[in-house]
Amino acid sequence: MLWLFLMVGSGCQSQSSTNDQQPEAQVVESAMAIDSVAQALSVAPDSQVVNGIHVPTGLVADDGYLLVRNNCSNCHSLDLVKNKRASLEGWLATIRWMQQTQGLWDLGKNEKPILDYLAKNYAPEDTGRRRQLTGIEWYILEE
């Protein structure tokens, strides 16, 4: 049986340590655990994917998905990822901001696959000022 460590240790300022380890040591252990998961599972299990979306998280099921889920959801909702659109440079700037101000750990060798996933699946869209309304059932006002 393969046991995977999917949750990462606390690297965020808002979370507290539950054992005697120094936060930096936990971050290093967490990064190592993430590497193991990433190597074992590169995409979401098929049973949880519908139309290319990982249903429990709503993330696009693509290479790097688990790295994003495990690193990002440790500190914030994945809705922040799904609702943001940015180029690779924009995502890198976001990661640097989180590292400088929010306590995000050094992503190490996971940074490139995370950035590639985000830039590919959550790139800017040319939609104009706002998205088109879809799925609206229109009706005629009666006097």
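Biologist: Leaving aside its neighbours within four places in sequence, which residues is L59 in contact with?

Modeller: In this predicted model, L59 is found in strand β3, which covers residues 59-60. Once its neighbours within four places in sequence are left aside, the residues in contact with L59 are G52, I53, H54, Y65, V68, R69, L78, V81, K82, Y117 and Y122.

Biologist: Is L59 buried or exposed?

Modeller: A residue counts as buried when its relative accessible area is under 20%. Because the relative accessible area of L59 is 0%, L59 is buried.

Biologist: How far apart in space are L59 and K82, C-alpha to C-alpha?

Modeller: K82 is among the residues in contact with L59, although the two are 23 residues apart in sequence. From C-alpha to C-alpha, their separation in space is 6.8 Å.

Biologist: At what angle do α2 and α5 pack?

Modeller: The axes of the two helices lie 9 Å apart, and the angle between α2 and α5 is about 105°. Angles of 65 to 115 degrees count as roughly perpendicular, and therefore α2 is described as roughly perpendicular to α5. The contact is made by Y65, L67, V68 and N71 of α2 together with P113, I114, Y117 and L118 of α5.

Biologist: How many residues of helix α2 are buried?

Modeller: Helix α2 spans residues 65-72 and is mostly covered. Its buried residues include Y65 and V68, both of which are also in contact with L59. The count of buried residues in α2 is eight of eight.

Technical notes
Residues are numbered from 1 along each chain as its sequence is written. This is a predicted model: local features need pLDDT of at least 70, side-chain atom pairs count only at pLDDT 80 or more; totals for chains, interfaces and linings use all residues. Side-chain values use heavy atoms; hydrogens and water are left out. Buried means under 20% relative accessible area, exposed over 50%, partly exposed in between (1.4 Å probe, protein chains only). Helices (H or I, at least four residues) and strands (E, at least two) are DSSP runs, numbered from the N terminus. Contact means heavy atoms within 4.5 Å. Axes are lines fitted to C-alpha atoms, for helices over the stretch in contact, and angles run from 0 to 180 degrees between N-to-C directions. Angles under 35 degrees count as roughly parallel, over 145 as roughly antiparallel, 65 to 115 as roughly perpendicular and the rest as oblique.
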